[in-house]
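Hi,

Here is the structure I promised to pass on to you. Have a look at it first, and then read on for my notes.

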Amino acid sequence: MAYNWNWDVFLQPTATGDDTYLGWMFYGLKMTIALSLSAWVIALALGAVVGVLRTVPNKWLSGFAAAYVEVFRNIPLLVQLFLWYFVMPELLPVDWGNALKQTNPVLQQFLASMLCLALFTSARVAEQVRSGINSLPPGQKNAGLAMGFTLPQTYRFVLLPMAVRLIIPPLTSEFLNIFKNSAVCSTIGLLELAAQGRQLVDYTAQPYESFIAVTLAYLLINVVVMFGMRWVEAHVRVPGYIGGK
Amino acid sequence: MHEFDWSSIPGALPFLWDGMVISLQITVTAVLVGIVWGTLLALMRLSSIKPLSWFAAAYVNLFRAVPLVMVLLWFFLIVPSFLESLFGLPRGSDVRLASAITGFALFEAAYYSEIIRAGIQSVSKGQMAAASALGMTYGQAMRLVVLPQAFRNMVPLLLTQGIILFQDTSLVYVSALADFFGAAYKVGDRDGRLVELLLFAGAVYFVICFTASRIVRYCQNKLKVA
């Protein structure tokens, strides 16, 4: 097989002349990281709220939270992304929709991607939060209430501090997933890592180098996140539990 | 507010159905191949032959660290031309479907192998010891004693992974294959009715996946080993 390997291609100036191909890769990497981190923050906050609502003794609230989780878990991520990007601006009141369509296209793509990833992931986080709370012995909640805490106080001071520390390992895998899922956002034209990889193939005609570089970048993100989360896990471990001090 | 017009959907149903057939084809093939290859990977990983277990660990970790979109792009943009030059196929032969299915199967096998490995490890050690004591070889004990019990425990997880896989098939959009979602997008784009078609596609996926996950939950309660 005759293939001309040429790793120097990354140092060449791009066809548009304003950057090197390596610069494009870094732009994509930054976009992937910014998108994933901002979506992760929203997903954690929303997921914690929805997860708590699933466990509260109120039919309406827990029913709403259950419906939320089912909707976001049973529609493919790609379909959700297209719904946010193409459909949502049409369903808003006309003025808002038009205002949104006149903003910077990159900002539009970024906002749609961020919302989509955040809500998609929040449903998964909510399930972990719920199972964390349910894994605590029921005596904890009863003890909190018996001490005179209100229900919100029991959650705030007794249940959540324990539950959150117990669910760090499954949350790590969700955190890794959000980086991988962000590659889906290349389909609406957001120039993150996977999209830059595709663009590099088109511009340089060096498909192997481009794809190997992008794949390695994802592996790198994976390793960094894993070590980071392992550090967090070691620091918040609950003494006396499996794996605790 | 948007004026809804659903009139382009009834006429497009046969086309959408063809797309659904492709989605299901990819799902079923990838689940079957994924489970077989995943079982082999799990057995390799648990094997006492070091190179085999290293290979399986490297394979699983690699595929689990890379986004599915990237794997599909590899199998869409690079693997076909690689195979063409390797086997001297005529250029531009349409290998998109075969390529997409292969990509899915290899990718999902990594996830299946982790489920199956956990399933094998959940079978108590005494089972293996008892089988050996009865004079069975390692292979016989695995095949006749351990795996049947492991699979029974794993069925709900394997099916749930199948539902996730079905949702993920929509990503073949990147290789311009007309699966169900691709077909819906094409119709919407053609008729200028993207909003309706995307909402319709979302609703169809929701109904299918929600129903399937309810059935899995029902089976889970039925299958519980008493």
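Let me start where the two chains meet. In this predicted model, 30 residues of chain A are in contact with 30 residues of chain B. On the chain A side, the elements that give two or more residues to this contact are helix H2 (59-73), helix H3 (77-91), helix H9 (193-204) and helix H10 (207-236). Sorted by class, the side of chain A that touches chain B has 21 nonpolar, five polar and four charged residues.

Now for each chain in turn, beginning with chain A. Its secondary structure comes to ten helices and zero strands, so the pattern along the sequence reads α-α-α-α-α-α-α-α-α-α, with helices as defined by DSSP runs. Taken along the principal axes, the C-alpha atoms of chain A fill a box of roughly 75 × 55 × 30 Å. Of its 245 residues, 35% count as buried. Among the contacts in chain A with a separation of 6 or more, 72% are between residues 24 or more positions apart.

One helix I looked at in chain A is H8, which covers residues 168-181. H8(A) has 14 residues and reaches 20 Å from its first C-alpha to its last, close to the 20 Å expected at 1.5 Å a residue. Its buried residues are Ile168(A), Leu171(A), Glu174(A), Phe175(A), Ile178(A), Phe179(A), Lys180(A) and Asn181(A). You will notice that Glu174(A) and Lys180(A) are on that list. The buried residues of H8(A) pack against helix H1 (21-55), H3, helix H5 (105-135), helix H7 (151-166) and H10 of chain A.

Helix H7 of chain A also holds Tyr155(A). Not counting residues up to four places away in sequence, Tyr155(A) touches Val52(A) and Leu160(A). Val52(A) is 103 residues from Tyr155(A) along the chain, yet their C-alpha atoms are separated by 8.2 Å.

On to chain B, which has eight helices and zero strands. From the N terminus on, its elements run α-α-α-α-α-α-α-α. The C-alpha trace of chain B spans about 70 × 50 × 25 Å along its principal axes. Buried residues make up 36% of its 226 residues, and residues 24 or more positions apart account for 75% of the contacts in chain B with a separation of 6 or more.

The helix to look at here is H6(B). Met154(B) is one of the buried residues of the helix, along with others including Ala141(B), Ala150(B), Gln161(B), Leu165(B) and Asp168(B). Around them, the buried residues of H6(B) pack against helix H1 (8-46), helix H3 (68-87), H4, helix H5 (125-133) and helix H8 (194-223) of chain B.

The pairing of H6(B) with H4(B) deserves a note of its own. The axes of helix H4 (residues 96-122) and helix H6 (residues 138-168) of chain B come within 8 Å and cross at roughly 145°, and the crossing is right-handed. Among the residues that meet are Tyr111(B), Tyr112(B), Ile115(B) and Ile116(B) from H4(B), and Val146(B), Phe151(B), Met154(B) and Leu157(B) from H6(B). By class, this contact has twelve nonpolar, four polar and one charged residues.

Finally, Asn153(B), which lies in helix H6 of chain B. Leaving aside its neighbours within four places in sequence, Asn153(B) is in contact with Gly119(B) and Ser122(B). Asn153(B) counts as partly exposed because it has 16 C-beta neighbours inside 10 Å. Lys224(B) is 71 residues from Asn153(B) in sequence and 7.7 Å from it in space, C-alpha to C-alpha.

Notes. Residues are numbered from 1 along each chain as its sequence is written. Chains are lettered from A and ligands numbered from 1 in the order in which they are written. This is a predicted model: local features need pLDDT of at least 70, side-chain atom pairs count only at pLDDT 80 or more; totals for chains, interfaces and linings use all residues. Axes are lines fitted to C-alpha atoms, for helices over the stretch in contact, and angles run from 0 to 180 degrees between N-to-C directions. Helices (H or I, at least four residues) and strands (E, at least two) are DSSP runs, numbered from the N terminus. A crossing is left-handed if the near helix is turned anticlockwise from the far one by less than a right angle, and right-handed if clockwise. Two residues are in contact if their C-beta atoms, placed from the backbone, lie within 7 Å. Ala, Val, Leu, Ile, Met, Phe, Trp, Tyr, Cys and Pro count as nonpolar, Asp, Glu, Lys and Arg as charged, and the others, Gly among them, as polar. A residue is buried if 20 or more other C-beta atoms lie within 10 Å of its own, exposed if 12 or fewer, and partly exposed in between; C-beta atoms are placed from the backbone. The expected span of a helix is 1.5 Å times one less than its number of residues.
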